[in-house]
Amino acid sequence: MKIIVAKSAGFCWGVKRAVNMAIAAAKKNGTVYSLGELIHNPQEIKRLETLGIKKIDSINEIPKNSTVIIRSHGVPPDIIKKLKEKGIFIVDATCPFVKAIQEKAISLEKEGYPVCILGNSSHPEVIGIAGHVKDPVIVENENDIEKLPPFQKLGIVCQTTLNSELLSKFVASLSKEIKEMKLFNTICKATKVRQEETRKLAQQVDMMIVIGGKNSSNTGKLYAISKKLNRNSFHIESAEEIDESWFKNIEKIGITAGASTPQWIIEEVIERIKTILKGGETVERGLCKTT
Ligand code: SF4
(Lines give C-alpha, C1' and ligand atoms only; values in the text may rest on other atoms or scores of the structure.)
Protein backbone atom coordinates (compact mmCIF):
# COMPACT_ATOMS: atom_id res chain seq x y z
CA MET A 1 0.00 0.00 0.00
CA LYS A 2 1.43 3.36 -0.99
CA ILE A 3 0.41 6.93 -0.21
CA ILE A 4 1.63 9.59 -2.62
CA VAL A 5 1.25 13.22 -1.59
CA ALA A 6 1.41 15.83 -4.37
CA LYS A 7 4.51 17.97 -3.99
CA SER A 8 2.51 21.20 -4.11
CA ALA A 9 -0.28 20.08 -1.72
CA GLY A 10 -1.25 22.74 0.82
CA PHE A 11 -0.62 26.43 1.47
CA CYS A 12 0.54 28.50 -1.47
CA TRP A 13 3.00 31.34 -1.01
CA GLY A 14 0.31 34.06 -0.93
CA VAL A 15 -1.85 32.31 1.68
CA LYS A 16 1.16 31.48 3.88
CA ARG A 17 2.18 35.14 3.69
CA ALA A 18 -1.34 36.36 4.66
CA VAL A 19 -1.55 33.96 7.62
CA ASN A 20 1.91 34.97 8.86
CA MET A 21 1.09 38.68 8.50
CA ALA A 22 -2.15 38.23 10.47
CA ILE A 23 -0.44 36.29 13.26
CA ALA A 24 2.37 38.88 13.49
CA ALA A 25 -0.16 41.76 13.60
CA ALA A 26 -2.22 39.99 16.30
CA LYS A 27 0.92 39.50 18.41
CA LYS A 28 1.76 43.19 18.07
CA ASN A 29 -1.67 44.87 18.20
CA GLY A 30 -4.01 42.41 19.93
CA THR A 31 -7.16 41.43 18.02
CA VAL A 32 -6.93 41.61 14.24
CA TYR A 33 -10.17 41.76 12.25
CA SER A 34 -10.49 39.98 8.93
CA LEU A 35 -13.23 41.13 6.56
CA GLY A 36 -14.56 37.70 5.66
CA GLU A 37 -12.61 34.51 6.30
CA LEU A 38 -8.85 35.06 6.11
CA ILE A 39 -8.62 31.80 4.17
CA HIS A 40 -11.26 29.35 2.96
CA ASN A 41 -10.59 26.65 5.51
CA PRO A 42 -12.92 26.36 8.53
CA GLN A 43 -10.48 24.33 10.67
CA GLU A 44 -7.63 26.81 10.18
CA ILE A 45 -10.02 29.72 10.82
CA LYS A 46 -10.81 28.16 14.24
CA ARG A 47 -7.10 27.87 15.04
CA LEU A 48 -6.48 31.47 13.96
CA GLU A 49 -9.32 32.66 16.22
CA THR A 50 -7.42 31.32 19.22
CA LEU A 51 -4.47 33.50 18.11
CA GLY A 52 -6.60 36.68 18.02
CA ILE A 53 -7.70 36.79 14.38
CA LYS A 54 -11.41 37.44 14.29
CA LYS A 55 -13.63 37.15 11.22
CA ILE A 56 -16.20 39.89 10.70
CA ASP A 57 -18.66 40.40 7.85
CA SER A 58 -19.00 44.16 7.73
CA ILE A 59 -16.84 47.24 8.28
CA ASN A 60 -19.45 48.45 10.81
CA GLU A 61 -18.38 45.63 13.16
CA ILE A 62 -14.80 46.95 13.40
CA PRO A 63 -14.15 49.09 16.47
CA LYS A 64 -12.36 52.43 15.96
CA ASN A 65 -8.55 52.46 16.12
CA SER A 66 -8.33 48.72 15.64
CA THR A 67 -6.42 46.65 13.06
CA VAL A 68 -7.89 44.97 10.00
CA ILE A 69 -6.18 42.54 7.67
CA ILE A 70 -6.98 42.54 3.95
CA ARG A 71 -7.06 38.95 2.73
CA SER A 72 -4.89 37.57 -0.07
CA HIS A 73 -7.96 37.94 -2.36
CA GLY A 74 -7.78 41.75 -2.11
CA VAL A 75 -10.72 44.17 -1.93
CA PRO A 76 -12.24 46.93 -4.09
CA PRO A 77 -10.69 50.40 -3.48
CA ASP A 78 -13.86 51.78 -1.86
CA ILE A 79 -13.39 49.33 1.05
CA ILE A 80 -9.87 50.70 1.68
CA LYS A 81 -11.29 54.24 1.54
CA LYS A 82 -14.00 53.43 4.11
CA LEU A 83 -11.48 51.77 6.44
CA LYS A 84 -9.18 54.78 6.25
CA GLU A 85 -12.10 57.14 6.94
CA LYS A 86 -12.81 55.16 10.10
CA GLY A 87 -9.18 55.53 11.19
CA ILE A 88 -8.59 51.78 11.08
CA PHE A 89 -5.02 50.48 10.78
CA ILE A 90 -4.74 48.34 7.64
CA VAL A 91 -2.46 45.33 7.19
CA ASP A 92 -2.68 44.65 3.47
CA ALA A 93 -2.06 40.97 2.74
CA THR A 94 -3.42 41.15 -0.81
CA CYS A 95 -1.33 38.65 -2.74
CA PRO A 96 1.04 40.51 -5.06
CA PHE A 97 -0.19 38.31 -7.92
CA VAL A 98 -3.75 39.52 -7.29
CA LYS A 99 -2.53 43.14 -7.04
CA ALA A 100 -0.90 42.66 -10.44
CA ILE A 101 -4.28 41.62 -11.93
CA GLN A 102 -5.99 44.67 -10.43
CA GLU A 103 -3.29 46.84 -12.07
CA LYS A 104 -3.65 45.03 -15.41
CA ALA A 105 -7.42 45.62 -15.36
CA ILE A 106 -6.83 49.35 -14.70
CA SER A 107 -4.29 49.59 -17.54
CA LEU A 108 -6.59 47.76 -19.98
CA GLU A 109 -9.33 50.26 -19.16
CA LYS A 110 -6.92 53.17 -19.69
CA GLU A 111 -6.02 51.73 -23.10
CA GLY A 112 -9.70 51.80 -24.03
CA TYR A 113 -10.54 48.11 -23.69
CA PRO A 114 -13.80 47.11 -22.02
CA VAL A 115 -12.56 44.84 -19.20
CA CYS A 116 -13.67 41.23 -18.96
CA ILE A 117 -12.85 39.08 -15.91
CA LEU A 118 -13.05 35.32 -16.39
CA GLY A 119 -14.01 33.80 -13.04
CA ASN A 120 -16.62 33.40 -10.36
CA SER A 121 -18.57 36.64 -9.92
CA SER A 122 -19.25 36.00 -6.23
CA HIS A 123 -15.62 35.20 -5.35
CA PRO A 124 -13.95 37.96 -3.28
CA GLU A 125 -10.92 38.07 -5.59
CA VAL A 126 -13.13 38.75 -8.63
CA ILE A 127 -15.21 41.30 -6.68
CA GLY A 128 -11.96 43.02 -5.68
CA ILE A 129 -10.62 43.15 -9.26
CA ALA A 130 -14.00 44.31 -10.62
CA GLY A 131 -14.02 47.18 -8.11
CA HIS A 132 -10.90 48.66 -9.70
CA VAL A 133 -12.58 49.38 -13.07
CA LYS A 134 -15.79 51.14 -14.12
CA ASP A 135 -17.91 48.67 -16.08
CA PRO A 136 -16.33 45.22 -16.03
CA VAL A 137 -18.09 42.19 -17.48
CA ILE A 138 -17.65 38.91 -15.65
CA VAL A 139 -17.74 35.60 -17.49
CA GLU A 140 -18.37 32.50 -15.39
CA ASN A 141 -19.61 30.14 -18.10
CA GLU A 142 -20.44 29.78 -21.79
CA ASN A 143 -23.96 31.20 -21.21
CA ASP A 144 -22.44 34.46 -20.01
CA ILE A 145 -20.49 34.69 -23.27
CA GLU A 146 -23.69 34.32 -25.30
CA LYS A 147 -25.29 37.15 -23.33
CA LEU A 148 -22.42 39.61 -23.90
CA PRO A 149 -23.17 42.77 -25.91
CA PRO A 150 -21.40 42.97 -29.30
CA PHE A 151 -17.92 44.19 -28.28
CA GLN A 152 -15.49 45.34 -30.99
CA LYS A 153 -12.61 44.69 -28.62
CA LEU A 154 -12.10 43.27 -25.16
CA GLY A 155 -9.35 43.27 -22.52
CA ILE A 156 -9.30 40.04 -20.55
CA VAL A 157 -7.89 38.97 -17.19
CA CYS A 158 -8.75 35.86 -15.21
CA GLN A 159 -9.26 34.78 -11.63
CA THR A 160 -6.00 33.30 -10.32
CA THR A 161 -7.64 29.92 -9.70
CA LEU A 162 -9.41 29.55 -13.07
CA ASN A 163 -9.13 26.08 -14.59
CA SER A 164 -6.68 26.38 -17.51
CA GLU A 165 -8.89 24.21 -19.76
CA LEU A 166 -11.80 26.57 -19.12
CA LEU A 167 -9.65 29.55 -20.05
CA SER A 168 -8.87 27.97 -23.45
CA LYS A 169 -12.59 27.24 -24.00
CA PHE A 170 -13.66 30.78 -23.09
CA VAL A 171 -11.03 32.38 -25.32
CA ALA A 172 -12.05 30.13 -28.24
CA SER A 173 -15.72 31.13 -27.82
CA LEU A 174 -14.98 34.84 -27.39
CA SER A 175 -12.73 34.94 -30.44
CA LYS A 176 -15.66 33.86 -32.68
CA GLU A 177 -17.36 37.24 -32.20
CA ILE A 178 -14.71 39.68 -31.04
CA LYS A 179 -12.13 41.01 -33.51
CA GLU A 180 -9.57 42.42 -31.10
CA MET A 181 -8.75 40.82 -27.76
CA LYS A 182 -5.94 41.58 -25.34
CA LEU A 183 -5.57 38.70 -22.91
CA PHE A 184 -3.51 38.46 -19.76
CA ASN A 185 -3.38 34.87 -18.61
CA THR A 186 -3.38 35.66 -14.90
CA ILE A 187 -3.91 32.13 -13.62
CA CYS A 188 -1.47 31.88 -10.74
CA LYS A 189 1.47 29.50 -11.12
CA ALA A 190 0.56 27.94 -7.77
CA THR A 191 -2.84 27.08 -9.25
CA LYS A 192 -1.40 25.75 -12.51
CA VAL A 193 1.08 23.50 -10.68
CA ARG A 194 -1.56 22.15 -8.28
CA GLN A 195 -3.98 21.41 -11.13
CA GLU A 196 -1.29 19.80 -13.30
CA GLU A 197 -0.02 17.63 -10.43
CA THR A 198 -3.57 16.58 -9.59
CA ARG A 199 -4.15 15.58 -13.23
CA LYS A 200 -1.01 13.42 -13.20
CA LEU A 201 -1.49 11.94 -9.75
CA ALA A 202 -5.16 11.05 -10.30
CA GLN A 203 -4.12 8.84 -13.21
CA GLN A 204 -1.38 7.06 -11.25
CA VAL A 205 -3.38 5.95 -8.21
CA ASP A 206 -6.45 3.86 -7.33
CA MET A 207 -7.96 6.53 -5.16
CA MET A 208 -7.60 10.30 -4.66
CA ILE A 209 -8.20 12.31 -1.54
CA VAL A 210 -8.48 16.07 -2.09
CA ILE A 211 -8.22 18.02 1.15
CA GLY A 212 -9.56 21.53 1.62
CA GLY A 213 -12.46 23.74 2.60
CA LYS A 214 -15.74 22.94 0.86
CA ASN A 215 -15.93 26.72 0.30
CA SER A 216 -12.45 26.86 -1.25
CA SER A 217 -12.59 27.68 -4.96
CA ASN A 218 -9.18 26.22 -5.79
CA THR A 219 -9.82 23.01 -3.80
CA GLY A 220 -13.17 22.57 -5.59
CA LYS A 221 -11.37 22.81 -8.92
CA LEU A 222 -8.74 20.25 -7.87
CA TYR A 223 -11.54 17.89 -6.88
CA ALA A 224 -13.35 18.41 -10.21
CA ILE A 225 -10.12 17.62 -12.13
CA SER A 226 -9.46 14.56 -9.99
CA LYS A 227 -13.02 13.22 -10.21
CA LYS A 228 -12.96 13.48 -14.00
CA LEU A 229 -9.87 11.26 -14.18
CA ASN A 230 -10.38 9.00 -11.18
CA ARG A 231 -13.88 8.12 -10.02
CA ASN A 232 -12.54 7.09 -6.62
CA SER A 233 -11.99 10.73 -5.68
CA PHE A 234 -13.08 12.20 -2.36
CA HIS A 235 -13.14 15.82 -1.21
CA ILE A 236 -12.70 16.14 2.54
CA GLU A 237 -12.04 19.01 4.92
CA SER A 238 -10.60 16.96 7.75
CA ALA A 239 -9.44 13.49 8.75
CA GLU A 240 -12.72 12.69 10.54
CA GLU A 241 -14.56 12.55 7.22
CA ILE A 242 -12.53 9.58 5.98
CA ASP A 243 -14.57 6.38 5.74
CA GLU A 244 -12.84 3.02 6.20
CA SER A 245 -14.96 1.47 3.44
CA TRP A 246 -13.21 3.63 0.81
CA PHE A 247 -10.02 1.56 1.07
CA LYS A 248 -11.23 -1.85 -0.21
CA ASN A 249 -9.05 -3.16 -3.07
CA ILE A 250 -6.94 -0.01 -3.05
CA GLU A 251 -3.16 -0.21 -3.57
CA LYS A 252 -2.12 3.36 -4.25
CA ILE A 253 -3.65 6.44 -2.62
CA GLY A 254 -3.02 9.93 -3.96
CA ILE A 255 -3.38 13.00 -1.76
CA THR A 256 -3.56 16.60 -2.82
CA ALA A 257 -4.74 19.71 -1.01
CA GLY A 258 -5.89 23.20 -1.93
CA ALA A 259 -3.79 26.33 -1.53
CA SER A 260 -5.66 27.19 1.68
CA THR A 261 -5.13 23.82 3.40
CA PRO A 262 -2.58 23.93 6.24
CA GLN A 263 0.10 21.28 6.59
CA TRP A 264 -1.27 20.11 9.97
CA ILE A 265 -4.55 18.99 8.36
CA ILE A 266 -2.65 17.10 5.61
CA GLU A 267 -0.63 15.34 8.33
CA GLU A 268 -3.78 14.42 10.29
CA VAL A 269 -5.27 12.89 7.14
CA ILE A 270 -2.11 10.83 6.48
CA GLU A 271 -2.08 9.62 10.10
CA ARG A 272 -5.76 8.63 9.91
CA ILE A 273 -5.16 6.66 6.69
CA LYS A 274 -2.16 4.92 8.25
CA THR A 275 -4.29 4.00 11.28
CA ILE A 276 -7.04 2.58 9.06
CA LEU A 277 -4.50 0.62 7.03
CA LYS A 278 -2.73 -0.46 10.24
CA GLY A 279 0.67 0.92 9.16
CA GLY A 280 3.21 -0.69 6.85
CA GLU A 281 2.60 1.59 3.89
CA THR A 282 5.04 4.17 2.56
CA VAL A 283 4.36 7.86 2.23
CA GLU A 284 6.13 9.71 -0.54
CA ARG A 285 5.87 13.36 -1.38
CA GLY A 286 6.46 14.83 -4.81
CA LEU A 287 6.45 11.77 -7.04
CA CYS A 288 4.14 13.48 -9.46
CA LYS A 289 6.45 16.23 -10.63
CA THR A 290 5.08 18.26 -13.49
CA THR A 291 8.40 18.53 -15.30
S1 SF4 B 1 -3.12 31.03 -5.32
FE2 SF4 B 1 -1.57 32.40 -6.22
S3 SF4 B 1 -2.61 34.37 -6.33
FE4 SF4 B 1 -3.77 33.14 -4.89
S5 SF4 B 1 -2.90 33.62 -2.90
FE6 SF4 B 1 -1.84 31.82 -3.67
S7 SF4 B 1 0.03 32.62 -4.64
FE8 SF4 B 1 -1.43 34.33 -4.45
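**Close-up views of a predicted model**

Figure 1. Glu237 is found in the loop that runs between strand β11 (233-236) and strand β12 (252-257). The model shown here and in the following views is predicted. Although Glu237 is buried, this residue has no salt bridge. The nearest side chain of opposite charge belongs to Lys214, at 5.3 Å, whereas a salt bridge requires a nitrogen-to-oxygen separation within 4 Å. The side chain of Glu237 does have polar partners: the side chain of Gln43 makes a polar contact with it at 3.4 Å, and the backbone nitrogen of Lys214 lies 2.7 Å from one of its polar atoms. Lys214 is thus represented beside Glu237 by its backbone nitrogen at 2.7 Å, while its side chain is 5.3 Å away. Leaving out residues up to four places away in sequence, Glu237 touches Pro42, Gln43, Ile211, Gly212, Gly213, Lys214 and Ile265.

**Figure 2. The salt bridge between Lys214 and Glu241.** The side chains of Lys214 and Glu241 meet in a salt bridge, with N to O at 2.8 Å. Lys214 belongs to the loop between β10 (207-211) and α9 (217-229), and Glu241 to the loop between β11 and β12, so the pair ties together parts that lie 27 residues apart in sequence. Both partners are partly exposed: Lys214 has a relative accessible area of 48%, and Glu241 one of 31%.

**Figure 3. The three cysteines annotated as a binding site.** The unreviewed UniProt entry places the feature "binding site" at Cys12, Cys95 and Cys188. These residues span 177 residues in sequence, yet no two of their C-alpha atoms are more than 10.5 Å apart, so they gather at one spot. Cys12, Cys95 and Cys188 are included in the lining of the largest pocket.

Figure 4. Cys12 is found in the loop between β1 (2-5) and α1 (13-29). Its relative accessible area is 13%, and Cys12 is therefore buried. Apart from neighbours within four places in sequence, Cys12 is in contact with Ala190, Arg194 and Ala259. Cys188 lies in the loop between β9 (180-183) and α8 (189-204). Cys188 is likewise buried, with a relative accessible area of 16%. Not counting residues up to four places away in sequence, Cys188 touches Phe97 and Thr160.

Figure 5. The side chains of Lys81 and Glu85 meet in a salt bridge of 3.6 Å, N to O. Both residues lie in helix α3 (residues 77-85), where they are four residues apart, about one turn of the helix. Glu85 counts as exposed at 57% relative accessibility, and Lys81 counts as exposed at 54%.

**Figure 6. The salt bridge between Asp92 and Lys99.** The side chains of Asp92 and Lys99 meet in a salt bridge at 2.7 Å, N to O. Asp92 is partly exposed, with 28% relative accessibility, and Lys99 is partly exposed, with a relative accessible area of 30%. The structure holds ten salt bridges, among them this pair.

Note on methods: Residues numbered from 1 in each chain as written. Predicted model: local features only at pLDDT ≥ 70, side-chain atom pairs only at ≥ 80, totals over all residues. Heavy atoms only, no water. UniProt positions renumbered as here; feature names shortened; annotations may be inferred. 1 Å grid on protein atoms, 1.4 Å probe; cavity = no way out; pocket = protein on both sides within 12 Å on 5 of 7 lines; lining within 4 Å. Helix = DSSP H or I, 4+ residues; strand = E, 2+ residues; numbered from the N terminus. Buried < 20%, exposed > 50% of the residue type's maximum accessible area, 1.4 Å probe, protein only. Contact = heavy atoms within 4.5 Å. Lys, Arg positive; Asp, Glu negative; His and termini not counted. Polar contact = N/O pair within 3.5 Å; in protein donor to acceptor, adjacent residues only side chain to side chain.
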